[in-house]
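Dear colleague,

I am writing to hand over the structure below, together with an account of what was found in it. Please keep it open while you read.

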Amino acid sequence: MSTNAVVSVPVPAGVRVGRVAAADKDEDDEFALIGAPRKWHKELRSIRQRERTTTANYVLSLLHDAGYVERAAAAARPWPLLANLRAGAWYAPPALRLGTCYFKSTDGHAGTWGFSMTRLNWHAAMMAAEKGGLVIVDATRRGKRFPDSLCKTIPIWCAVLNLLAEIEPGGIPGGHLGKSTPPASRVLPDWPLALPNFLSASEADQIRSRLPDFSAKMRRQ
């Protein structure tokens, strides 16, 4: 399994947010041109907001995003698809997914990056190793480009498992996990960590500096 063997598929809510913002700006310009009272535009926005929060609109949004996931899954075939609990399960059609996984966004929050020993997701690692890759679907709140689970938690998980597979006899899982920790001089320069390019260099360096501790923690189990 390599660091680029896991393809994370975020639900593209941010695209629609951008379109809504652009539409609001266009309406502002149009109301200004005709000299309409500002309260008319406020009322129109209120109506549109109520429409966006109806049950029918939520269902249509889910169907729209599920269609995006279907296209992404088709492009990634024959890689298997997993839904990340819990938000990802809403958008990954049951007929497409082979199961679920559980990568928490809190393990990727700035300043509290972590490698969970209770959410190892071995089955996901085995699928990626067998098939050459894996698609994981997750979602986040409106206005946020990627959930932290996709842009940090999963890359950390990949990095730790890749290093263990390289340095342990027999690989993982099922190989012998030794008690010794490789020296930092061997680990850090070539550590297989792949993070999105929109993360700051400072945050990437801080995550990388914690990887030896995550690896040592895993090897002691």
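This is a predicted model: local features need pLDDT of at least 70, side-chain atom pairs count only at pLDDT 80 or more; totals for chains, interfaces and linings use all residues.

A salt bridge is a side-chain nitrogen of Lys or Arg within 4 Å of a carboxyl oxygen of Asp or Glu.

Residues are numbered from 1 along each chain as its sequence is written, and side-chain values use heavy atoms, with hydrogens and water left out.

**Surroundings of aspartate 138**

Aspartate 138 belongs to strand β4. Helices (H or I, at least four residues) and strands (E, at least two) are DSSP runs, numbered from the N terminus. The side chain of aspartate 138 makes a polar contact of 2.8 Å with the side chain of asparagine 84. A polar contact is a pair of N or O atoms within 3.5 Å; within protein, one must be able to donate a hydrogen and the other to accept it, and residues adjacent in sequence count only if both atoms are side-chain atoms. A polar atom of the aspartate 138 side chain also lies 3.5 Å from the backbone nitrogen of glycine 88.

**Salt bridges**

Side chains of opposite charge can pair when their charged atoms come close. The whole structure contains four salt bridges. One of them joins arginine 119 to aspartate 107, at 2.8 Å from N to O. Both residues are in the loop between β3 and α4, 12 residues apart. Arginine 119 is partly exposed at 21% relative accessible area, whereas aspartate 107 is buried at 12%. Arginine 119 also lies over the face of tyrosine 102, 5.8 Å from the ring centre; a charge sits over a ring if NZ of Lys or CZ of Arg is within 6 Å of the ring centre and within 35 degrees of the ring normal.

Lysine 152 takes part in a salt bridge with aspartate 148, at 3.5 Å from N to O. These two residues are both in helix α5, four residues apart, or about one turn of the helix. Lysine 152 is also bridged to glutamate 203, at 2.9 Å from N to O. Because lysine 152 is in helix α5 and glutamate 203 in helix α7, this pair ties together parts that are 51 residues apart in sequence. Through shared partners, salt bridges join Lys144, Asp148, Lys152 and Glu203 into one network. Lysine 152 is buried at 5% relative accessibility, as are aspartate 148 at 10% and glutamate 203 at 13%.

**Aromatic pairs**

There are two aromatic pairs in the structure. Rings of Phe, Tyr and Trp (its six-membered ring) pair if their centres lie within 6.5 Å; planes under 30 degrees apart count as stacked, over 60 as edge-to-face and the rest as tilted. Phenylalanine 103 and tryptophan 157 are edge-to-face, with 4.9 Å between centres and 70° between planes. Phenylalanine 103 is in the loop between β3 and α4 and tryptophan 157 in helix α5, so the pair ties together parts that are 54 residues apart in sequence. Phenylalanine 103 is buried at 4%, and tryptophan 157 is buried at 2%.

Phenylalanine 146 and phenylalanine 198 are stacked, with 5.4 Å between centres and 25° between planes. Phenylalanine 146 is partly exposed at 23% relative accessibility, and phenylalanine 198 is partly exposed at 35%.

**Backbone**

Most residues other than glycine have a negative phi, and most peptide bonds are trans. The bond from arginine 77 to proline 78 is cis, with omega near 10°, and the bond from leucine 85 to arginine 86 is cis, with omega near 5°. Asparagine 121 has a positive phi, near 50°.

Yours sincerely

Technical notes: Buried means under 20% relative accessible area, exposed over 50%, partly exposed in between (1.4 Å probe, protein chains only).
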